[in-house]
Amino acid sequence: TFLALGAVFWLVMRPKHAPEAPAPKHVESVPEGTRNVTLYFADTDEPNIHGETRELAVGHRLDEQVRQVIDALIAGPSGKDGISAIPAGTQLLSVMVESDSATVYLDFSSDLVAAHPGGSAAEYCTIASIVRTVGENFPELARVQLLVDGAQVESIAGHVRADEPFIIQEWR
């Protein structure tokens, strides 16, 4: 009798329709293969650099990721709060990572030197924007070697030696 009474009670008290599932909560998601990066650009009115954060699609290998970040740096800022410190027309030809020494070799087209406006402040901004961008986004790297058309250069604009790798920690 208890069983029959329990069955009748269940039939009478059960919901007439299935309860609605709770609405899924909206979750901000980052598409697969992207990450937030910080790019450093020259200030428009003084010889200094500042960071701009944006979301970029990135590859899986470290050299691919470095290439995509530096290509975004070359393309320039998305806002009006700065300018690219890398001369117009400059292309990143190749990226090589030497994991033993934690050094990245960035091989730029000759425009990096030939189209550079010159001056110590502009040269500082060019080097600082590249080195700080690499350092900020790739903590596993310690040094950046700039190459032009596959070869080391003494300097980009005559004021800062560029024939040896830049130590990222010294440019923070």
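Tutor: Let us begin with the word strand, which here stands for a DSSP run of E with at least two residues, numbered from the N terminus. In this predicted model, A42 has its place in strand β1, which covers residues 34–42.

Student: How many helices and strands does the chain have, and in what pattern do they follow one another?

Tutor: The chain has four helices and seven strands, and along the sequence they are arranged as α-β-β-α-β-β-α-α-β-β-β.

Student: What makes A42 count as buried?

Tutor: The relative accessibility of A42 is 5%, and since the word buried is used under 20%, A42 counts as buried. Apart from residues up to four places away in sequence, A42 touches N48, I49, H50, G82, I83, A85 and C125. For A85, the C-alpha atom lies 5.4 Å from that of A42, although the two residues are 43 apart along the chain.

Student: Why is S129 called buried?

Tutor: S129 has a relative accessible area of 1%, which is under the limit of 20%, so the residue is called buried. S129 belongs to helix α4, residues 120–137, and beyond its neighbours within four places in sequence it is in contact with Y40, I49, L73, A85 and I86.

Student: Why are α2 and α4 described as oblique to each other?

Tutor: The axes of α2, residues 62–75, and α4 cross at roughly 140 degrees and come within 11 Å. Angles over 145 degrees would count as roughly antiparallel and those from 65 to 115 as roughly perpendicular, and α2 and α4 are therefore oblique to each other. The crossing in which α2 passes α4 is right-handed. On the side of α2 the contact is made by V69, I70 and L73, and on the side of α4 by S129, I130, T133, V134 and N137. These residues divide into five nonpolar, three polar and no charged.

Student: What makes H116 buried, and which polar contacts does its side chain have?

Tutor: At 10% relative accessibility H116 is under the 20% limit and therefore counts as buried, and its place is in the loop between α3 (111–114) and α4. A polar atom of its side chain lies 3.0 Å from the backbone nitrogen of G118, and its side chain also makes a polar contact with the side chain of T126, at 2.9 Å. Leaving aside neighbours within four places in sequence, the contacts of H116 include P87, D111, A122, I156 and A157.

Student: What makes the phi of A102 worth a remark?

Tutor: Most residues other than glycine have a negative phi. A102 is not a glycine, and its phi is near 55 degrees, a positive value. The residue is placed in the loop between β3 (92–98) and β4 (103–108). With a relative accessible area of 17%, under the limit of 20%, A102 is buried.

Student: Why is D149 called partly exposed?

Tutor: D149 has a relative accessible area of 49%, which falls between the buried limit of 20% and the exposed limit of 50%, so partly exposed is the word that applies.

Student: Finally, what share of the whole chain counts as buried?

Tutor: Of its 172 residues, 37% count as buried. As for contacts with a separation of 6 or more, 58% are accounted for by residues 24 or more positions apart.

Definitions and conventions:
Residues are numbered from 1 along each chain as its sequence is written. This is a predicted model: local features need pLDDT of at least 70, side-chain atom pairs count only at pLDDT 80 or more; totals for chains, interfaces and linings use all residues. Side-chain values use heavy atoms; hydrogens and water are left out. Buried means under 20% relative accessible area, exposed over 50%, partly exposed in between (1.4 Å probe, protein chains only). Contact means heavy atoms within 4.5 Å. Axes are lines fitted to C-alpha atoms, for helices over the stretch in contact, and angles run from 0 to 180 degrees between N-to-C directions. Angles under 35 degrees count as roughly parallel, over 145 as roughly antiparallel, 65 to 115 as roughly perpendicular and the rest as oblique. A crossing is left-handed if the near helix is turned anticlockwise from the far one by less than a right angle, and right-handed if clockwise. Ala, Val, Leu, Ile, Met, Phe, Trp, Tyr, Cys and Pro count as nonpolar, Asp, Glu, Lys and Arg as charged, and the others, Gly among them, as polar. A polar contact is a pair of N or O atoms within 3.5 Å; within protein, one must be able to donate a hydrogen and the other to accept it, and residues adjacent in sequence count only if both atoms are side-chain atoms.
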